[in-house]
Amino acid sequence: MDYSGKLDDAIQRLHDEGRYRTFIDIERKKGQFPHAIWRRTDGTERPVTVWCGNDYLGMGQHPDVLAAMHEALEATGAGSGGTRNISGTTVYHKRLEAELADLHGKESALLFTSAYIANDAALSTLPKLFPGLIIYSDELNHASMIEGIRRNGGAKRIFRHNDLAHLRELLAADDPAAPKLIAFESIYSMDGDFGPIREICDMADEFGALTYLDEVHAVGMYGPRGGGVAERDGLMDRLDIINGTLGKAFGVHGGYIAASAKMCDAIRSYAPGFIFTTSLPPVVAAGASASISVLKEDQSIRDRHQMQAKILKMRLKALGLPIIDHGSHIVPVIVGDPIHTKKLSDMLLEQFGIYVQPINFPTVPRGTERLRFTPSPVHGPKEIDALVQAMDKLWSHCALNRAELSA
């Protein structure tokens, strides 16, 4: 076996399809987000504006968050020193879990090193707790949910995206006595559309199913205290397990689930993804706690975020660009070809200092390749003007000219 040759072949396929992913080396500057420094491969530097970050509210730069992290660093040092079961549980972890439980109106919360791990660990563990469990999963659920469901060894049913009739058909076809769980998202990150939370909760009640809601792209940004879409719609009490992240709107790092004390205790006790991994550093937990605390009180940050998203969508629509707009903060512009999407991304970066990564298969279906812009409260009129003018120039003169883009 020519192992090296096989690796060459695999990587070349990505290049041929226009799907090879390039890391852009950027350095965020404290207090200057969304502005950053792009370090080129030739050693030169250039200022850029980040338009594809998931620090949706700029909380990674908030002074209260930074102060809490500095304080924890001086008090405890760098790492946690172990797993949660073996020396890795500190007052900072317990405080953060209490903040998260309060945020979602649940008895308890459980921290993980990322929301990916939280989804994977929880969903792969649930069949151990409920033998014979059938999981009904939206077809556009995040890869972490898909992986957790795939690995758990239990029965699964995939329903068409947001298709309540199909979900009902699948539920009705199974044994009424079998334990069931419906897994879905509040906001689907690539199109920015909302899951029908209320209707799915109604159906779960009717068929005796548990509910598992991923609020990763909504926590911090929706609801009067940032509890997500379920809080905004007054539905948190109807959800059995809520998954969220600390690395997007909260601007730090990590993931979690919030649920009943009994549910969290069982998952804590059985999930390898929790048991056998080093816990979050206390400094990270401290920063996340501070961020959550700020966003529970400061609605103005959410209001500014929504306003900037509305302005950007309105202005890009005025150019006639093919935008998907479901009313959320996510702004996808469909290009429809991986090579052209990458070329457009490269031109924005090289010519205008605008950094937005191309989104290609398998993150989105083939033929729906896109640029996904994520405006924040600190993307002001100057940054929006620059982006709109750049998109107008490139789309008008290049993006629709496939021959030029392929050159």
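Modeller: A salt bridge here is a side-chain nitrogen of Lys or Arg within 4 Å of a carboxyl oxygen of Asp or Glu. Please note that the model is predicted. With that definition, Glu-27, Lys-29, Arg-39 and Glu-45 are linked in a network of salt bridges.

Colleague: How many salt bridges are there in the whole structure?

Modeller: The search finds 24 salt bridges. One of them joins the side chains of Arg-225 and Asp-102, at 2.9 Å from N to O. Arg-225 belongs to the loop between strand S10 (209-214) and helix H8 (229-232), and Asp-102 to helix H3 (residues 91-103), so this pair ties together parts 123 residues apart in sequence.

Colleague: Which other residue forms a salt bridge with Asp-102?

Modeller: Lys-296 does, and the closest N and O atoms of that pair are 2.7 Å apart. Because Lys-296 lies in helix H11 (residues 282-297) and Asp-102 in helix H3, the contact ties together parts that are 194 residues apart in sequence.

Colleague: Are these side chains buried or exposed? Take Lys-296 to begin with.

Modeller: Lys-296 counts as buried, at 8% relative accessibility. Asp-102 is partly exposed, with a relative accessible area of 38%, and Arg-225 is partly exposed with 28%.

Colleague: What does Arg-238 pair with?

Modeller: Arg-238 forms a salt bridge with Asp-202, with 2.7 Å between the closest N and O atoms. Arg-238 sits in the loop between H8 and strand S11 (241-245), whereas Asp-202 is in helix H7 (residues 197-207), so the pair ties together parts 36 residues apart in sequence. Arg-238 is partly exposed at 24%, and Asp-202 is partly exposed at 39%.

Colleague: Let us move to the sheets. In what order do the strands of the four-stranded open sheet come?

Modeller: The order is S1-S2-S3-S14, with mixed pairing. Strand S1 (26-28) and strand S14 (354-355) stand at the edges with a single partner strand each, so one side of each has no neighbour in the sheet.

Colleague: How is S14 joined to S3?

Modeller: Strand S3 (residues 45-50) and S14 run parallel and are joined by two bridges. Val-50 stands opposite Tyr-355 in S14. Helix H13 (residues 338-352) packs on this sheet, touching strand S2 (35-39), S3 and S14, and its direction makes about 125° with that of S3.

Colleague: And S10: which strands does it pair with?

Modeller: Strand S7 (residues 180-185) runs parallel to S10, with six bridges between them. Ala-183 has Tyr-212 in S10 as its bridge partner. S10 also pairs with S11 in the parallel sense, over three bridges, and there the partner of Leu-213 is Ile-242 in S11.

Colleague: Why is S10 described as largely enclosed?

Modeller: Five of the six residues of S10 are buried, so the rest of the structure largely encloses this strand. The cut-off for buried is under 20% relative accessible area.

Colleague: One last topic, then. Where is Met-391, and what is it in contact with?

Modeller: Met-391 is in helix H14 (residues 381-399) and counts as buried, at 1% relative accessibility. Leaving aside neighbours within four places in sequence, Met-391 is in contact with Leu-316, Leu-321, Val-333, Leu-348, Leu-371, Phe-373 and Ser-396.

Colleague: What separates the C-alpha atoms of Met-391 and Pro-282?

Modeller: They are separated by 42 Å, and the two residues are 109 residues apart along the chain.

Methods. Residues are numbered from 1 along each chain as its sequence is written. This is a predicted model: local features need pLDDT of at least 70, side-chain atom pairs count only at pLDDT 80 or more; totals for chains, interfaces and linings use all residues. Side-chain values use heavy atoms; hydrogens and water are left out. Buried means under 20% relative accessible area, exposed over 50%, partly exposed in between (1.4 Å probe, protein chains only). Two strands pair if DSSP finds at least two bridges between them. Contact means heavy atoms within 4.5 Å. Axes are lines fitted to C-alpha atoms, for helices over the stretch in contact, and angles run from 0 to 180 degrees between N-to-C directions.
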